[in-house]
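Please look at the sequence and the structure shown here before reading on. The report below takes up a few of their features in turn.

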Amino acid sequence: MIARAPDELLAEASAGSRTALARLITYVESGGSNQRETVSRAYGSSAPFVVGLTGPPGAGKSTLTDQLIKTALASGSFDGSDAFDQIGVLCVDPSSPFTGGAILGDRIRMQDHATNDHVFIRSMATRGHLGGLSLAVPDAIRVLGAAGFSVVFVETVGVGQMEVDIASAADTTVVVTNPGWGDAMQANKAGLLEVADIFVINKADRAGLRETRRDLEQMLDLGTTKDPRPPILETIASTGAGTEELWRAIIEHRRLVTGIQHDQHRQTQARAELDRVLSVMVRARIAELADGLAYADQVAALVAGETDPYRAAETLLAEA
Ligand SMILES: Nc1nc2c(ncn2[C@@H]2O[C@H](COP(=O)(O)OP(=O)(O)O)[C@@H](O)[C@H]2O)c(=O)[nH]1
Ligand SMILES: [Mg+2]
């Protein structure tokens, strides 16, 4: 297959071609020169509003996203100032393979929208290049922005470093929990507090709601640095109960980051963007060094007791 040029594909994607859009996202997943070209072409366009939904498998993130899409399409930002008529969804689940059950489930659950002209759903996967999803997801968000999407939902699992990286690309991050998860949340406290702008207790139809709310409140009392304090909402995604309130809370947070917190928000995001790319480039540099003859020499010298690791590293960096 002949590789198409990113600028041509971007023009087609903006004109509504989903095939072109899908190809561009494959470019950013694959790395290399097409990724670079795609990002540099897409970067100047206005960024979409990005809502991250993160939480353990089975918490109800996809079901909730599905409900939020309906609300966003129907209500926009409620006051008529924004209509969100092009919505992107990026599903990131590194724990399940590209064709695995969870993703397939997501596809089926969101099937209503899959055939909807206003919604584009894509599962993201690493294609084995350095940096992987922590670069590909923010890049894909840019591509969607350039193609005219005004809102992008990003679904991620858990709160590892990669999810924190991805969360830093979101404007508003919703952490999805369930009743009965007090202990599980204590274990991840630092990560949750770092990323959450809004907490949701989904499956509010289940037992243990009150205890989970109390645990969350306590966690926020002790550790939140967010201003304003993240609200804790309750939803039953399977029926839609509470999802309009959740969308209102998301819109309210959006108002903050596009309003009085705008400059600070942009600074934070620009730093995070730069740090993500820098860290991938530095790691690539290390991999390159480790592949060379000089590196093998230093390993041999270490084994022979002729140097120490600091001297060895300094020698390698000086020669590079
Ligand atoms: N009882 C109940 N089940 C729910 C609710 N929300 C989602 N589910 C179910 O929980 C399961 C996992 O949902 P899913 O959206 O795939 O979770 P994800 O892995 O976080 O994306 C599905 O069977 C949903 O139908 C809820 O509010 N109440
Ligand atoms: Mg899901």
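In which loop is Pro-228 found? Pro-228 lies in the loop between helix 11 (209–223) and strand 7, where helices (H or I, at least four residues) and strands (E, at least two) are DSSP runs, numbered from the N terminus.

## Basis of the model

This is a predicted model, in which local features need pLDDT of at least 70 and side-chain atom pairs count only at pLDDT 80 or more, while totals for chains, interfaces and linings use all residues. Residues are numbered from 1 along each chain as its sequence is written, and chains are lettered from A and ligands numbered from 1 in the order in which they are written.

## Two loop residues

Pro-228 is joined to Asp-227 by a cis peptide bond, with omega about 0°. In the loop between helix 4 and strand 2 (87–92) sits Phe-78, which has a positive phi of about 70° although it is not a glycine.

Seven strands, paired in parallel, make up an open sheet in the order 3-2-4-1-5-6-7; two strands pair if DSSP finds at least two bridges between them. Strand 3 (119–124) and strand 7 (232–235) each have a single partner strand at the edges, so one side of each is left without a neighbour in the sheet.

Strand 1 (residues 49–55) and strand 5 (residues 172–177) run parallel and are joined by four bridges, and Gly-52 has Thr-173 as its bridge partner in strand 5.

## Two packed helices

Helix 2 (residues 18–30) packs with helix 7 (residues 132–146) at an angle of about 155°, their axes being 9 Å apart; axes are lines fitted to C-alpha atoms, for helices over the stretch in contact, and angles run from 0 to 180 degrees between N-to-C directions. Helix 2 and helix 7 are therefore roughly antiparallel to each other, a term used for angles over 145 degrees.

Leu-24, Ile-25, Val-28 and Glu-29 of helix 2 meet Ala-136, Asp-139, Ala-140 and Val-143 of helix 7, contact being counted if the C-beta atoms of two residues, placed from the backbone, lie within 7 Å.

## Around ligand 1

Of the 15 residues around ligand 1, those that come nearest are Gly-60, Lys-61, Ser-62, Thr-63 and Ala-237; a residue is near a molecule if its C-beta atom, placed from the backbone, lies within 6 Å of it. Helix 4 (residues 61–75) gives the most to this shell, with three residues.

Note on methods. Parallel < 35°, antiparallel > 145°, perpendicular 65-115°, else oblique.
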